[in-house]
Amino acid sequence: MSEASRNTLISRSDPVLAGDSDPKPSVLPALGRLARGLSALFWGLPVALVVCVQAAKTDWLQPPLGIVAPVLATGLLVYGLWLLGTFQPQERIWIAALDRAKALALINMGLAPFLCWWYRMPWQPFYNAMVHLMIFTSLFFLFTVNPVLQRLAAMLPDETLRTETRVFTNINRGLLIASMTFLIGYFALLRVTQLPQVVIHFLVVWEYVGHWLTLFLVLLPTAMTMALIWKTKEVILSSVFGSES
């Protein structure tokens with residue numbers, strides 16, 4: 001989208017963001033839902049990460065709370081994306097990016113109960129496969145959230161935000177691709193019966209340090225994504241309150 005068409009889009013449908021001193025009342029509810037959606041995403045990412053990891057590793061909640069908690073945590077992300085979808089619904093590229101993220105968020109919400117079941121019956125191949133699938137869909141969800149933020153920043157009149165979002169989303173996606181590549185390679189090697197001694201030694205070392213490296217490759221893009229969400233929300237709120245001053 002060119003700069004001229006972007007400014008035309010903003011001035012046509014979002015007078016608050018364009019700096020209109022007298023915004024239409026119909027725009028303010030849309031901006032309010034957008035801000036609430038960003039807040040739900042901001043808090044939903046760490047809550048879902050903590051709750052899902054705890055559900056898979058500890059017996060911190062007894063059923064049915066142990067099943068309901070991950071579903072609610074991942075459902076918060078679905079709710080946040082749904083609120084974002086009420087903003088600029090006529091923009092096809094923006095809505096297409098949102099739809100991809102919402103589809104993965106719904107998949108994660110459906111897979112969330114398997115974390116609790118897998119903790120109690122880790123020997124079940126089906127539960128094992130579902131947890132592995134959720135690991136990849138969660139990483140891919142975070143991967144798709146970054147283009148959503150980039151599309152949103154393109155519709156906001158803040159060049160600094162657009163530049164920062166473009167740079168950090170590229171970094172985030174690179175880290176997430178590295179994480180998924182490592183995990184795919186690791187799970188593939190585990191299913192090979194005969195391996196060279198060097199590869200076996202690598203897998204032994206990975207058992208001790210691999211989860212820390214994977215955690216770093218996941219937490220870093222998660223933190224940067226949260227920072228971009230917070231920055232985007234600040235730009236929206238400052239535009240609204242700035243227009244009222």
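These entries record what I looked up in the structure above.

**Basis.** I worked from a predicted model, in which local features need pLDDT of at least 70, side-chain atom pairs count only at pLDDT 80 or more, and totals for chains, interfaces and linings use all residues. Residues are numbered from 1 along each chain as its sequence is written, and side-chain values use heavy atoms, with hydrogens and water left out.

**Entry 1: the cores.** I looked first for nonpolar cores, meaning sets of buried Ala, Val, Leu, Ile, Met, Phe, Trp, Tyr and Cys residues joined through side-chain atoms within 4.5 Å. Here I took buried as under 20% relative accessible area, exposed as over 50%, and partly exposed as in between, with a 1.4 Å probe and protein chains only. The largest core has 47 residues, and Leu81, Leu84, Trp94, Phe141 and Leu152 have the most contacts inside it. At least two residues of this core come from each of α2 (27–57), α3 (65–84), α4 (92–111), α6 (125–154), α7 (159–190) and α8. For these labels, helices are DSSP runs of H or I with at least four residues, numbered from the N terminus. The most is given by α6, with 9 residues. I also noted a second, separate core of 11 residues, which includes Leu111, Leu115, Met130 and Met134.

**Entry 2: Trp94.** I listed the contacts of Trp94, counting heavy atoms within 4.5 Å. With neighbours within four places in sequence set aside, Trp94 touches Leu84, Phe87, Gln88, Val148, Arg151, Leu152 and Met155.

**Entry 3: Val218.** I found Val218 in helix α8, which spans residues 197–244. Is Val218 buried or exposed? Its relative accessible area is 16%, so Val218 is buried. Beyond neighbours within four places in sequence, Val218 is in contact with Leu139, Leu142 and Ser179. Leu139 is 79 residues away from Val218 along the chain, yet their C-alpha atoms are separated by 7.8 Å.

**Entry 4: a surface patch.** I then turned to nonpolar patches, built from residues with over 30% relative accessible area and no salt bridge, their nonpolar side chains (Val, Leu, Ile, Met, Phe, Trp, Tyr) being joined within 5 Å. One such patch consists of Leu49, Val50, Val53, Trp212, Leu215 and Leu219, together exposing about 530 Å² of accessible area. Accessible areas come from the Shrake-Rupley method with a 1.4 Å probe, and for residues only the protein chains shown count as cover. Two or more residues of the patch are given by α2 and by α8. Trp212 is in helix α8 and counts as exposed because its relative accessibility is 56%.

**Entry 5: cysteines.** How many disulfides does the whole structure contain? I found 0, a disulfide being a pair of cysteine sulfur atoms within 2.5 Å. Cys52 is buried at 12% relative accessible area, and Cys116 is buried at 2%.

**Entry 6: salt bridges.** I counted 2 salt bridges, each requiring a side-chain nitrogen of Lys or Arg within 4 Å of a carboxyl oxygen of Asp or Glu. Asp99 and Lys102 form one of them, at 3.7 Å from N to O. These two residues are 3 residues apart in helix α4, so about one helical turn separates Asp99 from Lys102. Asp99 is partly exposed at 40% relative accessibility, and Lys102 is partly exposed at 21%. Arg162 also forms a salt bridge, with Glu159, the closest N and O atoms being 2.6 Å apart. Both Arg162 and Glu159 belong to helix α7, 3 residues apart, about one turn of the helix. Arg162 is buried at 9% relative accessibility, whereas Glu159 is partly exposed at 44%.

Terms used
Patch = residues over 30% accessible without salt bridge, like charges linked within 9 Å, V, L, I, M, F, W, Y side chains within 5 Å.
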